[in-house]
Amino acid sequence: TLFRSQAGRMEEPAAGGEKSPGSTEAPSWPLLFASGSTLLVCLVLKFPQILAMVRAGSARGISEKSLLLELTGYIVFLRYQMYYDYPIDTYLEYPALVAQDVGLLLIFYYYSGSINRALPYIAVFVSAWYLLILQKWIIDLATACCTFISAASKFAQLQCLWQTKESGQVSALTWGLAAYTCATRIFTTLVTTKDIMVLIRFIVMLLLNIWVTFTILRYRTPLKKTD
């Protein structure tokens, strides 16, 4: 019998009747290290950003648009991986990233004095979680746009930095760690699913995360001089 692959094409089943995306050999230690370190980093990825905001009691420098777009990208990408039954170790960090982004968004609205603005967005995200998999074409279309959505979130933060010319409470550590996880996911994707769409996404995200990190550091230097 035929089945649908992760790219939406009809393919013959692999030997043993397994789906090709999930039929990988025993993982090597580099793959285990890459996946394990990615998971560990992602479990605390947003903590430096959250702590910076809490210590300062301010959300100065944080882009609301960037947070919303980033959370959208995480939700779409997680749903895509689950829908096509990818190996769980290739996306295990995304539930943690979604949870941390929700918490970060709530803290952002709290310190911005507009916590009630979070409620409509939460309703939209919860609805999207279920709507994305109602039809195959919906999740495929959303995933095709996912790279652009995630890239837009990085540019939104860059724009905020360029306009204010100061990093405020934006954490360079969080963005630097995000760049590391993109690099490791490029490797794990190459040796497991080899999904071109996923590879392109991680490559673009790696470059943009590095760009944001250096921009944060660039605008942080003047602040140190004035202290």
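These notebook entries record what I looked up about aromatic rings in this structure.

**Basis.** I worked from a predicted model, in which local features need pLDDT of at least 70 and side-chain atom pairs count only at pLDDT 80 or more, while totals for chains, interfaces and linings use all residues. Residues are numbered from 1 along each chain as its sequence is written, and side-chain values use heavy atoms, with hydrogens and water left out.

**Aromatic pairs.** I paired rings of Phe, Tyr and Trp (its six-membered ring) if their centres lie within 6.5 Å, with planes under 30 degrees apart taken as stacked, over 60 as edge-to-face and the rest as tilted. This rule gave me 11 aromatic pairs. Phe-108 and Tyr-109 are edge-to-face, because their ring centres are 5.4 Å apart and their planes stand at 70 degrees. I then found Tyr-109 stacked with Tyr-121, at 6.3 Å centre to centre and 10 degrees between the planes. Tyr-109 belongs to helix H4 (residues 94–111) and Tyr-121 to helix H5 (residues 118–131), so this pair ties together parts 12 residues apart in sequence. Helices here are DSSP runs of H or I with at least four residues, numbered from the N terminus.

**Burial.** I noted Tyr-109 as buried, at a relative accessible area of 0%, and Tyr-121 as partly exposed, at 30%. Buried means under 20% relative accessible area, exposed over 50%, and partly exposed in between (1.4 Å probe, protein chains only). Phe-108 is also buried.

**Cluster and charges.** I recorded one aromatic cluster formed by Tyr-74, Phe-77, Tyr-94 and Phe-202. Over the ring of Phe-77 sits the charged end of Arg-201, 4.4 Å from the ring centre. Arg-79 lies over the face of Trp-129, 4.0 Å from the ring centre. A charge sits over a ring if NZ of Lys or CZ of Arg is within 6 Å of the ring centre and within 35 degrees of the ring normal.

Technical notes: Helix = DSSP H or I, 4+ residues; strand = E, 2+ residues; numbered from the N terminus.
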